[in-house]
Amino acid sequence: MKKSIQGIFLALSAAIGWGMISPIAKILSSMGINLMTVMIFRSIFTIFVVGQYIIFVKKEKPFYCLKKDIFIFYVISGILSVAFAGGGFLMSLAYLTVPEALVIHYTFPLFTILGSYFITRESPTCLQVVAGVLIIVGVYIGMGGTQNNGLSITGIIWGIVSVIGMSGQSLVVRRFSLNHQLDEYNLLFYSNFTGVIVLILFKTMYFGWCDLKIISYFSLFLMTFQALISSVLAYGAFFIALKYISAVMVSLFCAFEIVVGILLTAIILKIIPTYPEIIGSLIIICAISCISITLKK
């Protein structure tokens, strides 16, 4: 029970960190900075910070004597978590509003529920399924339904990519942690290293690097702050949480990101929450409470 509580606390911590992404990303996008650049900077910052810890605190040499199965796991995790989940969500924010992007993104707990039975062999409970559906309902109501009939197809595609990444990484990391000793620092380092290579190649081919010349000291500060909170700390908490509780539970608790995102949007962007957003947030909190009941059994 103690580890389960620790896992819940870590998952909620990750949600709080990720809740800061949306308002900051919209500010950076309004400055003309490509959000793929933001994600690449985020990964490079993570590689540097975590790499220092591995070398000077853990006294290990990166890339030294990696076993084949562990290396493959890091590559898959990097593509799913950094390229798909991180890159996909940030790029969806460039084409969609924050509400629209979140509506698509938070279908991932349901896909995690569907995949958990086949990949991790952890059957979700009825309450977990109900919680997943409630989260979707809460997001939909909270965002006032699909108010914009002209949704960007490009934004939707990027949103789907992020859903594949989030559900996939949750299941893959959980499956690996059940059979191996998971080192969250190595996972953060190597997954970001492999993922950022994919992002750099993609951005070079399709977007270019013209936006680098408009990066100011203020935007660099925002990018660094986002990298520290949402990547180093949030993903670290997320990976550790998967050692203690199931991928389904972690995914559902991470939905608290929506509540945090709405509050921070009100504070940072001066956008007052609407009644639907408040009602939707309450439904999401009820869904998270449903999941907590399963721990008492």
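Q: Tyr-235 and Phe-238 both sit in helix H10. How are they separated along the helix?
A: This is a predicted model. Count the residues between the two positions. Tyr-235 and Phe-238 are 3 residues apart in helix H10, so about one helical turn separates them.

Q: What kind of aromatic pair do Tyr-235 and Phe-238 form?
A: Look at the ring centres and the ring planes. The centres of Tyr-235 and Phe-238 are 6.1 Å apart, and the planes stand at 80 degrees. The pair is edge-to-face.

Q: Are Tyr-235 and Phe-238 buried or exposed?
A: Check relative accessible area; under 20% is buried. Tyr-235 has 6%, so it is buried. Phe-238 has 0%, so it is buried too.

Q: How many aromatic pairs does a search of the whole structure find?
A: The search finds 15. One of them joins Trp-18 and Tyr-235. Their ring centres are 5.0 Å apart and their planes meet at 65 degrees, so this pair is edge-to-face.

Q: Which parts does the pair of Trp-18 and Tyr-235 tie together?
A: Place each ring in its helix. Trp-18 belongs to helix H1 (residues 2-19) and Tyr-235 to helix H10, so the pair ties together parts 217 residues apart in sequence. Both Trp-18 and Tyr-235 are buried.

Q: Which residues do ring pairs link into a cluster?
A: Follow the pairs from ring to ring. Phe-73, Tyr-74, Phe-176, Phe-189 and Tyr-190 are linked this way.

Q: How do I describe two packed helices?
A: Use the angle between their axes and the distance between the axes. Take helix H3 (residues 35-56) and helix H10 (residues 217-244). Their axes come within 9 Å and cross at roughly 60 degrees. H3 and H10 are therefore oblique to each other. The crossing is right-handed.

Q: Which residues make the contact between H3 and H10?
A: List each side in turn. H3 contributes Thr-37, Val-38, Phe-41, Arg-42, Phe-45, Thr-46 and Val-49. The H10 side includes Leu-220, Met-223, Ala-227, Ser-231 and Tyr-235. By type, the contact residues of H3 and H10 divide into 10 nonpolar, 6 polar and 1 charged.

Q: How many residues of helix H5 (residues 98-105) are buried?
A: Count the buried positions against the helix length. In H5, 6 of the 8 residues are buried, so the helix is largely enclosed by the rest of the structure. The buried residues are Val-98, Glu-100, Ala-101, Leu-102, Ile-104 and His-105.

Q: Which residues of helix H6 (residues 108-119) are buried?
A: They are Phe-108, Pro-109, Thr-112, Ile-113, Gly-115 and Ser-116. After H6 comes Arg-121, with a positive phi near 60 degrees.

Q: Where is Lys-59 found, and what is its phi?
A: Read the backbone angle, then the setting. Phi of Lys-59 is near 60 degrees, a positive value in a residue other than glycine. Lys-59 lies in the loop between H3 and helix H4 (68-95). Its relative accessibility is 66%, so Lys-59 counts as exposed.

Q: How far apart are Ser-13 and Phe-256 in sequence and in space?
A: Compare the two separations. Ser-13 and Phe-256 are 243 residues apart in sequence, yet 9.3 Å apart in space, C-alpha to C-alpha. Ser-13 lies in helix H1. Its relative accessibility is 28%, so Ser-13 counts as partly exposed.

Key:
Residues are numbered from 1 along each chain as its sequence is written. This is a predicted model: local features need pLDDT of at least 70, side-chain atom pairs count only at pLDDT 80 or more; totals for chains, interfaces and linings use all residues. Side-chain values use heavy atoms; hydrogens and water are left out. Axes are lines fitted to C-alpha atoms, for helices over the stretch in contact, and angles run from 0 to 180 degrees between N-to-C directions. Helices (H or I, at least four residues) and strands (E, at least two) are DSSP runs, numbered from the N terminus. Angles under 35 degrees count as roughly parallel, over 145 as roughly antiparallel, 65 to 115 as roughly perpendicular and the rest as oblique. A crossing is left-handed if the near helix is turned anticlockwise from the far one by less than a right angle, and right-handed if clockwise. Contact means heavy atoms within 4.5 Å. Ala, Val, Leu, Ile, Met, Phe, Trp, Tyr, Cys and Pro count as nonpolar, Asp, Glu, Lys and Arg as charged, and the others, Gly among them, as polar. Rings of Phe, Tyr and Trp (its six-membered ring) pair if their centres lie within 6.5 Å; planes under 30 degrees apart count as stacked, over 60 as edge-to-face and the rest as tilted. Buried means under 20% relative accessible area, exposed over 50%, partly exposed in between (1.4 Å probe, protein chains only).
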